[in-house]
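Let's take a walk through this assembly together, starting with how its chains meet and then stepping inside them. Keep the viewer open as you read.

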Amino acid sequence: MQTKAVKQSAKKTLPTKETKLPMAAQSSYEPTIVAFLCNWCSYAGADLAGVSRLQYPTNVRVVRVPCSGRVDPMYVIKALQQGADGVLVSGCHPGDCHYISGNLVARRKFAMLKSFLDYLGIEPQRVQFSWVSASEGGRFASLIEKVVSDVKKLGPRGGSAETFRRCHANN
Amino acid sequence: MRKQAIDTLKLKKLIAAMGKDGEVFGPVAGEAGEAVLGPLTDKTPAVLNFGNFKLPLKRVFFPQCEVLSTAFAGTVTEEKPEHKKIVLFGIRTCDAKAMDHLDRVFLSQDAIDPYYSRRREDTLVISMACTAPASSACFCLSTGAGPSNRAGADAVAFNLGKAVVFESVTERGDAFLTKHKTLFRQPTAAELEGVKRQEAATHKKLSQQSLSDAPKLLKKQPDPGRWAEVSATCLSCGACTYLCPTCHCFDFQEESVGDGSRKLRVHDACMFESFTREASGHNPRADKSKRMQQRVMHKFSYAPENYNELFCVGCGRCIVNCPSAIDIRETIAKVTL
Amino acid sequence: MSRNPYVAMPMRIDRIRIENDAKDLKTFRLSFCNKSDESDFRYVCGQFAMLSLPGTGECPVGIASSPFDKGVLEFTVKRYASGVVTTALHDLSEGDGFGVRGPMGNGFPFQDLKGKNLLIVGGGFAFTTLRSTITYLLDPSVRGDYKNITVIYGARGPGELLYKAELAQWQQRSDIKTHITVDKGSEGWTGRVGLVPNVVKEAAPSAADSYCIVCGPPIMLKFTLPPLLDLGFTPDKILTSLERKMTCGIGKCGRCNIGKYYVCKDGPVFSYDKIKDIPENGF
Amino acid sequence: MQTTEKTMRETVKKLFLDNKVDIVIGFQKSTVSDSGRPFFARSVADTDKLVWNDGCAANLAVFLPKLFEKPLRPREGFKPPRVGIIVKGCDGRSVSGLIKEKQALRDHLIIIGMPCSGMKTASKNRQEAATVGRACVECAAPLANEADIVIRGDLKKPVKSGYDRIKKFQSLPAKERWERFVAEMSKCIRCNACRQACPNCYCAVCFADQKKPSWTSQAARLSDTIVFHMGRMFHQAGRCVECDACVNACPMGVDLRLFTQKLAHDAHELFGVTPGITPEELPMLQTFKQDDTECFITDPEEK
């Protein structure tokens with residue numbers, strides 16, 4: 001493998017010193033989950049969970065999108081690269097889409113994406129998809145609990161995805 | 001210019017001795033059996049009979065991606081080029097010649113590139129003359145480089161089978177021969193004759209067609225329609241430029257890392273549509289025929305005007321690796337017809 | 001070792017002025033963060049610099065201040081919707097900092113211009129380095145070196161004219177003749193209406209013992225060059241400034257190559273005879 | 001093969017003589033080897049330069065979108081060119097896909113189907129001799145199904161399923177899969193040859209070249225390279241016809257097929273779609289069925 005050899009040689013001979021950038025110290029592992037929630041159902045579901053004073057882990061960072069169909073697969077890939085430990089996409093249940101079929105198109109897309117990322121070696125627990133309606137505050141809370149505990153079980157992304165993540169790796 | 005010889009069996013000793021001057025790199029067997037540029041050690045001896053590396057030598061001095069500065073909290077820190085002594089042994093003469101070309105760009109007196117110049121200073125280049133073309137796409141004679149040209153190297157080696165004859169080119173090369181004089185001996189008359197014979201024999205195996213007229217012909221500004229014709233099957237990828245030993249276009253990229261950022265210098269290619277696209281949306285080279293024209297003209301017309309040298313060494317990498325098998329020699333012939 | 005040409009010197013924004021009605025042109029007045037940079041930064045009107053925003057990128061901008069303006073540099077930046085750096089620059093406020101790499105390019109050849117009449121023709125946003133030049137020429141210490149100075153400056157509309165306060169000052173002066181024109185007038189505009197090439201034809205300054213400096217969009221150059229040639233300006237006496245996408249600014253990265261020249265190193269100022277036969281000149 | 005070549009030349013010549021085409025995209029002999037390289041024949045005189053041999057591996061469909069692109073300011077009386085194209089089975093699938101995605105005009109296109117017996121691809125390492133590519137070994141449809149003219153000759157026997165390698169890779173632990181993926185990615189020099197050679201990559205501005213937002217940079221940083229390839233490959237979901245144009249174009253010998261083939265495999269397994277063959281009306285990811293799979297959906301209430 002020529003590239004490898006040349007890259008290694010380049011590395012050995014020409015070490016560009018790369019200043020380590022200060023990072024927030026992490027004592028106990030709390031993963032960061034980026035959640036893309038559709039405006040009409042899942043975001044409202046999250047709201048309901050809050051209003052109902054349901055407890056769920058604080059690891060989730062919500063991005064409100066108009067529809068699960070609006071979520072470009074690149075969002076998921078980019079979130080993982082930029083350091084998210086897990087990504088959740090959630091929309092309306094099939095049949096309930098505000099735009100009639102946005103979530104059904106999304107379903108095909110994410111069936112392919114999840115299978116593809118899994119195949120490349122990104123643990124399936126890191127990329128999850130679900131349906132939560134506006135009335136399912138409880139379901140939302142237990143969904144977040146499940147996703148966070150799944151990702152926690154995998155441990156910090158020192159494993160398979162380390163090379164991918166830009167924050168720490170000097171690659 | 002001095003000549004010294006060494007028995008091939010002693011080459012290992014020489015490489016070990018060179019290791020004291022810096023890390024020694026040369027052609028070693030890669031995983032798939034092809035020769036790659038790697039560290040020469042006891043366990044990985046130099047492969048002396050090889051075509052050429054897939055990747056051009058420029059990447060050692062001008063890596064595809066390097067960090068120029070780091071910014072954090074409003075302060076920009078310069079990443080200074082570091083000193084690291086290297087010896088390159090047994091690389092191809094066309095690649096060395098290409099470094100001579102790049103020197104003219106990166107070491108031009110009005111603005112010296114500190115990164116390139118540091119690496120160039122720290123590297124001793126010992127090339128090895130070719131004995132046969134690496135592929136049917138080799139055309140080094142046509143560009144004036146030739147299989148045993150001396151430019152860009154500190155010393156050139158000739159592999160005669162039982163012995164290797166070294167010829168110094170620069171003062172540094174001279175110093176290298178002096179430093180290891182205990183390992184070298186004076187070449188015999190037969191060996192000197194052998195070098196000459198080898199050079200002549202290799203010349204015969206190469207295409208004799210000369211491209212020295214190209215700058216004159218291209219200066220006449222070929223018809224744009226011809227450029228469109230020759231670039232019709234071009235896919236606008238960067239395989240030709242990224243693998244070219246003399247192409248040196250680059251770009252700066254900013255990379256955000258955590259709360260800070262890094263400024264990178266990365267290779268870029270004039271064949272990409274985005275290369276000259278301006279913020280206003282205007283693109284002076286929006287058409288691929290214009291980009292092909294730029295690449296060919298830069299190598300065969302502008303560079304000769306500025307540096308009196310064709311910026312092509314005839315290594316043939318662009319021909320072999322082009323997905324559409326576009327041949328730069330044919331392109332020039334067609335547009336200047 | 002000399003200065004790393006790829007590393008910018010830090011500067012601070014002292015003042016931001018919005019120049020036009022469309023609010024996409026802002027003039028940044030900068031001061032040097034390091035005193036040593038100030039003494040190192042020697043420039044000639046017509047040169048440019050790379051404005052460098054860490055984490056975003058760089059863009060080349062002509063220097064709009066005059067070398068006689070001590071301790072400050074001014075840059076007028078146009079924001080483009082698809083321009084990453086120009087948009088980020090426009091989002092900055094006074095007191096913020098960014099980097100400047102330069103000065104770059106050749107600038108106007110004042111040695112050759114000494115003792116000559118000067119015609120300065122500018123169009124639109126390209127007036128920045130011409131403002132630098134005019135301010136420089138009007139300085140009492142150098143004004144005597146040059147003969148008559150005529151300025152023709154046009155913009156699309158009155159709201160798009162740059163440096164309005166200075167334009168008004170120049171019009172009051174007797175040592176410079178200023179023609180200001182707009183393509184299309186608006187309410188309250190009492191000045192001239194007409195395209196730059198037509199104003200050149202009308203004003204018809206003598207080409208005898210003269211140099212012409214003309215900067216503007218390619219389309220303006222295309223139509224202004226013929227009347228200038230008709231007036232008797234020879235191509236070697238017509239100076240213009242080109243623009244190209246640039247990265248390094250020192251003639252290495254290959255982006256701004258036109259013919260055998262690099263706009264960043266051999267230009268941006270070229271006499272018309274040097275570039276008129278290069279097909280990629282843009283006009 | 002020689003008679004096939006002769007028939008092909010005659011056919012193309014006739015198209016020109018009958019004034020049915022303006023351009024025919026075919027192959028001509030390369031300057032450095034015997035293999036074919038892309039060639040635009042524009043007149044009867046050019047037809048003698050056309051070749052057909054076992055080195056005609058390039059996917060010629062890649063040129064179609066640009067040929068049919070309507071200029072920004074079309075001249076009066078602008079008409080798209082009438083194009084003839086020499087296709088193998090894989091190229092034919094690409095052409096069908098492009099027609100479906102409105103990148104090629106069916107009524108301006110004459111598809112000339114060639115009997116493909118498998119193409120040898122030039123070795124990425126100069127020492128090795130050219131061998132029949134994996135795409136050809138695993139090809140299930142060597143003859144274009146939408147051809148207007150079919151040239152007879154030796155046809156490769158189609159295989160039933162070429163997904164053994166995918167299944168084997170799938171059975172490896174996630175860590176090993178990722179390592180292999182990263183090893184392939186680290187060979188990449190970001191020359192974009194894969195993208196440019198792919199008929200499906202016709203976007204006016206590729207996501208990788210976008211500046212606002214900037215998805216990935218041109219910097220050959222491993223992390224950015226991974227984003228580029230993940231993005232580019234996933235854009236082929238339900239569209240990849242397994243022609244291996246990307247693999248053949250890659251100067252560094254990156255085994256992209258190992259990954260793109262998974263998308264083709266999934267399109268078939270999950271949605272019953274074989275791009276370029278299944279006569280569906282819309283591209284796979286632009287449509288849906290009520291009963292599409294839900295097997296990947298997380299159900300928090302499930303124990």
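Of the five pairs of chains in contact, chains A and D share the most contacts. Two residues are in contact here if their C-beta atoms, placed from the backbone, lie within 7 Å. Before going further, please note that this is a predicted model, in which local features need pLDDT of at least 70 and side-chain atom pairs count only at pLDDT 80 or more, while totals for chains, interfaces and linings use all residues. Residues are numbered from 1 along each chain as its sequence is written, and chains are lettered from A and ligands numbered from 1 in the order in which they are written.

Back to chains A and D: 37 residues from chain D and 42 residues from chain A take part in the contact. On the side of chain D that touches chain A, helix 6 (174-185), helix 8 (222-234) and helix 10 (257-271) of chain D each supply at least two residues. Helices (H or I, at least four residues) and strands (E, at least two) are DSSP runs, numbered from the N terminus. Helix 8 of chain D gives the most to this side, with seven residues. Sorted by class, the side of chain D that touches chain A holds 23 nonpolar, six polar and eight charged residues. In this sorting, Ala, Val, Leu, Ile, Met, Phe, Trp, Tyr, Cys and Pro count as nonpolar, Asp, Glu, Lys and Arg as charged, and the others, Gly among them, as polar.

Where they meet, 26 residues of domain 1 of chain D are in contact with 20 residues of domain 2 of chain D. On the domain 1 side, helix 3 (89-100) and helix 4 (134-137) of chain D each supply at least two residues, and helix 3 of chain D gives the most, with eight residues. By class, that side of domain 1 has 11 nonpolar, eight polar and seven charged residues.

Now turn to chains B and C, where 35 residues of chain B are in contact with 34 residues of chain C. The elements of chain B that give two or more residues to this side are strand 4 (65-72), strand 5 (75-78), helix 3 (93-106), strand 10 (250-257), strand 11 (260-267) and helix 11 (288-307). The residues on this side of chain B divide into 15 nonpolar, 12 polar and eight charged. Chain A and chain C, by contrast, do not touch, and their nearest C-alpha atoms are 14 Å apart.

Inside chain B, look for an open sheet of seven strands in the order 1-9-8-7-6-2-3, with mixed pairing. Two strands pair if DSSP finds at least two bridges between them. Strand 1 (3-7) and strand 3 (35-39) of chain B stand at the edges, each with a single partner strand, so one side of each is left without a neighbour in the sheet. Strand 1 of chain B pairs with strand 9 (163-168) of chain B in the antiparallel sense over five bridges, and B:Ile6 stands opposite B:Val164 in strand 9 of chain B.

Chain C has nine helices and 15 strands. Its radius of gyration, taken over C-alpha atoms, is 18 Å, close to the 19 Å that the globule rule (2.2 Å times the number of residues to the power 0.38) gives for 283 residues, so chain C is as compact as a globular protein of that length. Along its principal axes the C-alpha trace of chain C spans about 50 × 45 × 40 Å.

Chain C has an open sheet too, with seven strands in the order 10-9-8-7-11-12-15 and mixed pairing. Strand 11 (210-215) and strand 12 (238-241) of chain C run parallel, joined by three bridges, and C:Cys212 stands opposite C:Ile238 in strand 12 of chain C. Our last stop is C:Thr190, in the loop between strand 9 and strand 10 of chain C.
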